[in-house]
Amino acid sequence: MEIVGFDRNNHTQEMIYRALLSGRFPHTVILEGGLPEERLDLAVKIASALLCRDNNTVPCGECHSCRKIEHRTHPDVLILKPEKKEGSKNETYFVDYIRQIRDNAFIIPHESDLKIFILQEAQIMNDQAQNAFLKILEEPPEYVIFILLASTKSVYLPTILSRASVFTLGGETREVKDTVSRERAEAAAEAVCLALGNRYELVMAAGVFDKDQKLLTATLPILGEIFSDTLRVKYSAYEGEPPELCRNLASKFSKRTLLRLADDVNILTEALRQNANLNLTLARLSSLFKSAETEQE
Ligand SMILES: [Zn+2]
């Protein structure tokens with residue numbers, strides 16, 4: 001059997017390819033980083049590869065199963081997203097909703113050997129919902145696979161992470177940072193963080209990236225790490241003593257804003273990877289990070 005459609009020059013996709021090839025794909029997978037659409041595409045590709053009926057090449061794209069997954073009508077591939085409750089301001093995975101997913105997980109698949117739950121924006125799950133979710137992960141039915149799509153894995157409780165295989169998207173640019181000194185990139189990242197919430201200061205801090213795409217490329221992953229660590233502080237999941245910068249950011253911004261900032265970093269990273277014009281990217285940096293201005297706690 002041949003598995004196709006995965007870019008084997010890409011480390012993350014190669015790891016997923018190997019997991020599929022092993023015939024023992026993990027019950028719980030977290031796809032973090034990259035863009036939301038990229039995460040969903042990859043999850044759908046995984047589901048197709050797992051459920052394809054072709055004997056030679058999977059996913060074949062033509063069998064009954066592949067076509068149903070493509071049209072999002074496969075009864076055993078459930079693509080879910082956070083819900084908005086009456087009276088609540090924001091969409092989230094509420095505990096009740098997680099319980100519904102759990103009940104559904106115990107209903108055997110309709111027409112396949114597996115039942116695959118793809119949870120989009122799965123970073124929007126509070127501790128209570130995560131604990132409810134953990135109950136399914138502890139003893140999942142043999143046929144169930146959960147694919148959590150999240151901007152960052154840092155929001156998850158260690159108990160969830162210990163049961164999941166994590167695949168990180170958009171990591172390719174991280175290698176580039178060796179060409180710029182780590183100290184310069186760290187200083188630039190810190191300056192951006194200190195300026196968050198004040199557009200004038202942010203424009204000044206982002207000035208160092210003018211005509212210096214390499215520095216920006218090296219700085220974005222560091223910003224990503226800072227926001228991840230800050231979210232860990234926010235979710236009381238940081239082990240040890242967090243850096244002062246992260247403590248400050250955690251006290252200044254809401255979880256929602258911090259998640260959005262982590263997403264913004266992914267969007268910018270992706271834009272640079274696709275060789276977007278540097279000036280446009282810089283303009284986006286200040287407009288994306290604008291969310292920090294309006295949502296300070
Ligand atoms: Zn197929």
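View A. Asp96 counts as partly exposed, at 43% relative accessibility (buried is under 20% relative accessible area, exposed over 50%, partly exposed in between; 1.4 Å probe, protein chains only). The model is predicted, so local features need pLDDT of at least 70 and side-chain atom pairs count only at pLDDT 80 or more, while totals for chains, interfaces and linings use all residues. Residues are numbered from 1 along each chain as its sequence is written, and side-chain values use heavy atoms, with hydrogens and water left out. Asp96 forms a salt bridge with Lys85, with 3.7 Å between the closest N and O atoms (a side-chain nitrogen of Lys or Arg within 4 Å of a carboxyl oxygen of Asp or Glu). Asp96 lies in helix 4 (residues 95-105) and Lys85 in the loop between strand 4 (77-80) and helix 4, so the pair ties together parts that are 11 residues apart in sequence. Helices (H or I, at least four residues) and strands (E, at least two) are DSSP runs, numbered from the N terminus. Lys85 is partly exposed as well, with a relative accessible area of 38%.

**View B. The interface of domain 1 and domain 2.** The domain assignment gives domain 1 as 2-169 and domain 2 as 174-294; such bounds come from an automatic or database assignment. Domain 1 contributes 16 residues to the contact and domain 2 contributes 13 (contact: heavy atoms within 4.5 Å). The C-alpha centres of the two domains lie 28 Å apart. Between them, the domains bury about 1300 Å², of which 53% is on carbon and sulfur atoms (buried area: the accessible area, 1.4 Å probe, that two parts lose on being put together, summed over both). Of the area that domain 1 buries against domain 2, 32% comes from Leu35, Ser154 and Val155, more than from any other three residues.

**View C. Polar and charged pairs across the domain interface.** The rule finds 7 residue pairs in polar contact here, both residues at pLDDT 80 or more (N or O atoms within 3.5 Å; within protein, one must be able to donate a hydrogen and the other to accept it, and residues adjacent in sequence count only if both atoms are side-chain atoms). On the side of domain 1 that touches domain 2, 4 residues are nonpolar, 8 polar and 4 charged (nonpolar: Ala, Val, Leu, Ile, Met, Phe, Trp, Tyr, Cys and Pro; charged: Asp, Glu, Lys and Arg; polar: the others, Gly among them). The domains have 1 salt bridge between them.

**View D. The salt bridge of Glu38 and Arg273.** A search of the whole structure finds 13 salt bridges. In one of them, the closest N and O atoms of Arg273 and Glu38 are 3.0 Å apart. Arg273 belongs to helix 11 (residues 255-273) and Glu38 to helix 2 (residues 36-51); the pair links distant parts of the chain, 235 residues apart. Arg273 is partly exposed at 28% relative accessibility, and Glu38 is partly exposed at 22%.

View E. Glu241 is exposed, at 62% relative accessibility, whereas Arg247 is partly exposed, with a relative accessible area of 40%.

**View F. The surroundings of Thr28.** Thr28 is in strand 2 (residues 28-33) and is buried, with a relative accessible area of 3%. Neighbours within four places in sequence aside, Thr28 is in contact with Leu137, Phe146, Arg163, Ala164 and Ser165.

**View G. Backbone geometry at Pro59, Glu121 and Ser236.** The peptide bond from Val58 to Pro59 is cis, with omega near -15°. Pro59 is found in the loop between strand 3 (57-58) and helix 3 (64-70). Glu121, a residue other than glycine, has a positive phi, near 50°. Its place is the loop between strand 5 (115-119) and helix 5, and Glu121 is partly exposed at 25% relative accessibility. Phi of Ser236 is also positive, near 50°. Ser236 lies in the loop between helix 9 and helix 10 (244-252) and is exposed, with a relative accessible area of 70%.

**View H. Ala218 in helix 9.** Helix 9 spans residues 213-234. Ala218 is buried, with a relative accessible area of 1%. The C-alpha atoms of Ala218 and Val192 are separated by 13 Å, and the two residues are 26 apart along the chain.
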